[in-house]
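Let me show it first, and then I will write down what I looked up.

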Amino acid sequence: MTATDFRPQTELYERRPVTAPKRLLVVYAHPDDEAFGNAGIILTARAAGVEVHYVCATRGECGTVDEHFLADHADVRALRTAEQLAAAEALDLGAVHFLNYRDSNMPGTPDNLHPEALVMAPVTDVAERVAAIIDAFEPQYLITFPPYGGYGHPDHIAIHHATTLALAQANWRVSEVYYSTFSTSLLRVIIGVMRLLGKNPRAFGRNGDIDVVRVAEEATPITTSVDCRHVIPAKIAAWKCHASQGGGMTRVPAFLWWWFYGSETLTQVTPAPAGRRTRLRFDA
Ligand SMILES: [Zn+2]
């Protein structure tokens, strides 16, 4: 079998039929990307009556998982699928579309050569399948990763390229396209502190494979923010559904929640941003 022979079927977990006039499609790589990145935005859209579907390219097979989480599940894939479906309830998603590629890993790891890995799939194949979902769901809003995928994960970068191509190829025109992004001010403080302590900010994280300097350099500008203050407890509840990925840990004391969790940020891609920062209100 060559890499290009693997053409998985999309698996749809639908919680209700699509009837809402406004729709948001979120397209990411892993179970947890939707919640850790945009739980507040999804919940805010739902509160405004916007239907939200999540296209999840993989089942997160390569995620690092503590042994005890696997007690009730056959493997990491089953565990993370169950976590994603629980998060779909917590976020009140209308549906999750699993593209069913295999999770890839950080650059240079053998998982990335697996013939079913997302990074081995031709971008045109993935784009065609995302475009089919866009044409069926007809969203006004779409959110995906920026070109560097946040922290350089190959799957994040792969789904960015596939989604960009899908938007160009779909018959349906999505009127507002956004990338997830974040403020780099705290990151720049962390980089400074790491250097002061003699640590290398280009080799961060459990496996030393995250280049924090590049993460800050590649972050796309904040053009748009979403007020999430009214959904903070629900947002934290959604994170907790992805407990095997650290979603249960909330070390920020409640009195600082508004400051840390009260807003989520985006880079507006389509239409071209006007130049000043705007607030996205789904009920407008
Ligand atoms: Zn991810």
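**Entry 1: terms and ground rules.** I call a residue buried under 20% relative accessible area, exposed over 50%, and partly exposed in between (1.4 Å probe, protein chains only). This is a predicted model, so I keep to pLDDT of at least 70 for local features and 80 or more for side-chain atom pairs, while totals for chains, interfaces and linings use all residues. Residues are numbered from 1 along each chain as its sequence is written, and side-chain values use heavy atoms, with hydrogens and water left out.

Entry 2: I looked up Phe-204 and found it partly exposed, with a relative accessible area of 36%. Phe-204 sits in the loop between α5 and α6 (212-218); I take helices (H or I, at least four residues) and strands (E, at least two) as DSSP runs, numbered from the N terminus. Phe-204 belongs to a nonpolar surface patch that also includes Leu-186, Trp-259 and Phe-260, and the patch has about 980 Å² of accessible area together. My rule for patches takes residues with over 30% relative accessible area and no salt bridge, joining like charges within 9 Å and nonpolar side chains (Val, Leu, Ile, Met, Phe, Trp, Tyr) within 5 Å. The areas come from the Shrake-Rupley method with a 1.4 Å probe, and for residues only the protein chains shown count as cover. Which element gives the largest share of the patch? I found that α5 does, with five residues. Helices α5 (185-196) and α8 (257-261) are the elements that give two or more residues.

**Entry 3: the sheet.** I traced nine strands in an open sheet with mixed pairing, in the order β1-β4-β3-β2-β5-β6-β8-β7-β9. Two strands pair if DSSP finds at least two bridges between them. At the edges I noted β1 (11-14) and β9 (278-279), each pairing on one side only. Helix α2 (residues 76-90) packs on this sheet and touches β1, β3 (51-58) and β4 (95-101), its direction making about 160° with that of β4. Here contact means heavy atoms within 4.5 Å; axes are lines fitted to C-alpha atoms, for helices over the stretch in contact, with angles from 0 to 180 degrees between N-to-C directions. I also checked β2 (residues 23-28) and β5 (residues 141-144), which run parallel and are joined by four bridges. In β5, Thr-144 is the bridge partner of Val-27.

**Entry 4: salt bridges.** I count a salt bridge when a side-chain nitrogen of Lys or Arg is within 4 Å of a carboxyl oxygen of Asp or Glu. My search of the whole structure gave 17. One of them joins Arg-59 and Glu-11, with the closest N and O atoms 2.9 Å apart. Arg-59 is in the loop between β3 and α2 and Glu-11 in strand β1, 48 residues apart. Is Arg-59 buried or exposed? Arg-59 is buried at 2%, whereas Glu-11 is partly exposed at 32%. I also saw Glu-61 and Arg-77 meet in a salt bridge (3.1 Å, N to O). Glu-61 lies in the loop between β3 and α2 and Arg-77 in helix α2, so this pair ties together parts 16 residues apart in sequence.

**Entry 5: Leu-280.** I found Leu-280 in the segment after β9, and it counts as buried at 10% relative accessibility. Leaving aside neighbours within four places in sequence, Leu-280 has contacts including Tyr-141, Ser-225 and Leu-266. Leu-280 and Ser-225 are 55 residues apart in sequence, yet 6.1 Å apart in space, C-alpha to C-alpha.
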